Amino acid sequence: MFRFEQVSRYPLKKMDFQIEKKEKVILFGPSGSGKSTLLFLFNRLHNPTEGTIYFEGQNVKEYPFTELRKRVGLVLQEPNLFPGTVLDNIKYGPSLFGEWKEEDGELLMGYVQLPSTYLNRDVEQLSGGEKQRVSLARTLANQPEVLLLDEPTSALDYRTAEDIEEVLEQLINQHELTMIMVTHDMRQARRLGNRGLFITEGKVMEDGKLPDMLDSPASQELKEFLEE
């Protein structure tokens, strides 16, 4: 699905790896190691300074931005909704492609476990957890194949974070999505991921199965990171 060949962009150095369909990949490591930079390369929020990224065998630069970001959706730490109603936000993407159907609103609210009465609510009236659910619904409205998640629960309180995590897990399994997620929460990594990329100093230090690599780290760097 994704292939990185000798990809660099500060602080990342010559990244080489592949991600297959339906994998649930966790990117983790110390602050400043390049996790979010790496995540943003998948849908060209960043471009590499060196190397090539392939999506479904084709250079990502050959895809129109709108198509790439429709197929490779991103959910950020902060929900980043635009002014207006919940409906305005979630129908925006599909409307660009002439794909919005009225019944989709209720369906998407069901996916993220919000009542359909929320569709006409102004986003300014929503709590942090509700905004993150709407942000997720907006991404899902484009029917992505890949879900990029940049610490999607770190700005939420513990209980809300647990709820969002549960919603994410159900959606990823139900829609058979490929997930690539940055998290600093190793309990969350265990629950949601089946593969881990441990990144430190701009390199993939370890690439392995979760939770095996958390229980038996192969490198001193990962061992020290987990002890912190």
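Predicted model: local features only at pLDDT ≥ 70, side-chain atom pairs only at ≥ 80, totals over all residues.
Lys24 stands opposite Met179 in strand 8.

Residues are numbered from 1 along each chain as its sequence is written, and side-chain values use heavy atoms, with hydrogens and water left out.

First, the overall picture. The protein has nine helices and ten strands. Helices (H or I, at least four residues) and strands (E, at least two) are DSSP runs, numbered from the N terminus. The radius of gyration is 18 Å, close to the 17 Å that the globule rule gives for 228 residues, so the protein is as compact as a globular protein of that length. That radius is taken over C-alpha atoms, and the rule is 2.2 Å times the number of residues to the power 0.38. The C-alpha trace spans about 50 × 40 × 25 Å along its principal axes.

Now burial. Of the 228 residues, 52% count as buried. Buried means under 20% relative accessible area, exposed means over 50%, and partly exposed is in between (1.4 Å probe, protein chains only). The protein exposes about 11,200 Å², and carbon and sulfur atoms supply 44% of that. Those areas come from the Shrake-Rupley method with a 1.4 Å probe; for residues, only the protein chains shown count as cover.

Contacts next. Among contacts with a separation of 6 or more, 67% come from residues 24 or more positions apart. A contact is heavy atoms within 4.5 Å.

Charges. There are 27 positive and 38 negative side chains, and the centres of the two sets lie 3 Å apart. Lys and Arg count as positive, Asp and Glu as negative; His and the chain ends are not counted. Each charge is placed at NZ of Lys, CZ of Arg, CG of Asp or CD of Glu.

On to the sheets. Strands of a sheet pair through backbone hydrogen bonds, either parallel or antiparallel. Here, two strands pair if DSSP finds at least two bridges between them.

What is the strand order of the open sheet of four strands? The order is 2-1-4-5, with antiparallel pairing. Strand 2 (12–19) and strand 5 (58–59) stand at the edges, each with a single partner strand, so one side of each is left without a neighbour in the sheet.

Strand 1 (residues 2–9) runs antiparallel to strand 2, joined by five bridges. Phe2 has Ile19 as its bridge partner, and Phe4 stands opposite Phe17. A hairpin links strand 1 to strand 2 through two residues. Pro11 lies in that loop, and the peptide bond from Tyr10 to Pro11 is cis, with omega near 5°. Strand 1 also has five antiparallel bridges to strand 4 (residues 50–55). One of the partner pairs there is Glu5 with Thr52.

Back to Lys24 and strand 3. Strand 3 (residues 24–28) is mostly covered, with four of its five residues buried. How many bridges pair strand 3 with strand 8 (residues 178–182)? Four, in the parallel sense. Strand 3 also pairs in parallel with strand 9 (residues 195–200), again over four bridges. Leu27 has Leu197 as its bridge partner there.

Next, Lys35. This residue is found in helix 1 (residues 35–41). Is Lys35 buried or exposed? Lys35 is buried, with a relative accessible area of 9%. Leaving aside neighbours within four places in sequence, Lys35 is in contact with Leu27, Phe28, Gly29, Pro30 and Val182. Lys35 and Val182 are 147 residues apart along the chain, but their C-alpha atoms are separated by 6.5 Å.

Helix 3 (residues 86–96) now. Its buried residues include Val86, Leu87 and Ile90. The buried residues of helix 3 pack against helix 4 (104–111) and helix 5 (128–140). Asp88 lies in helix 3 and is partly exposed, with a relative accessible area of 37%. Gly98 follows the helix, with a positive phi near 65°.

Last, some backbone checks. The Leu210 to Pro211 peptide bond is cis, with omega near 5°. Pro211 sits in the loop between strand 10 (203–209) and helix 8 (212–215). Glu176 is not a glycine, yet has a positive phi of about 50°. Glu201, in the loop between strand 9 and strand 10, has a positive phi near 50°. Glu201 is exposed, with a relative accessible area of 62%.
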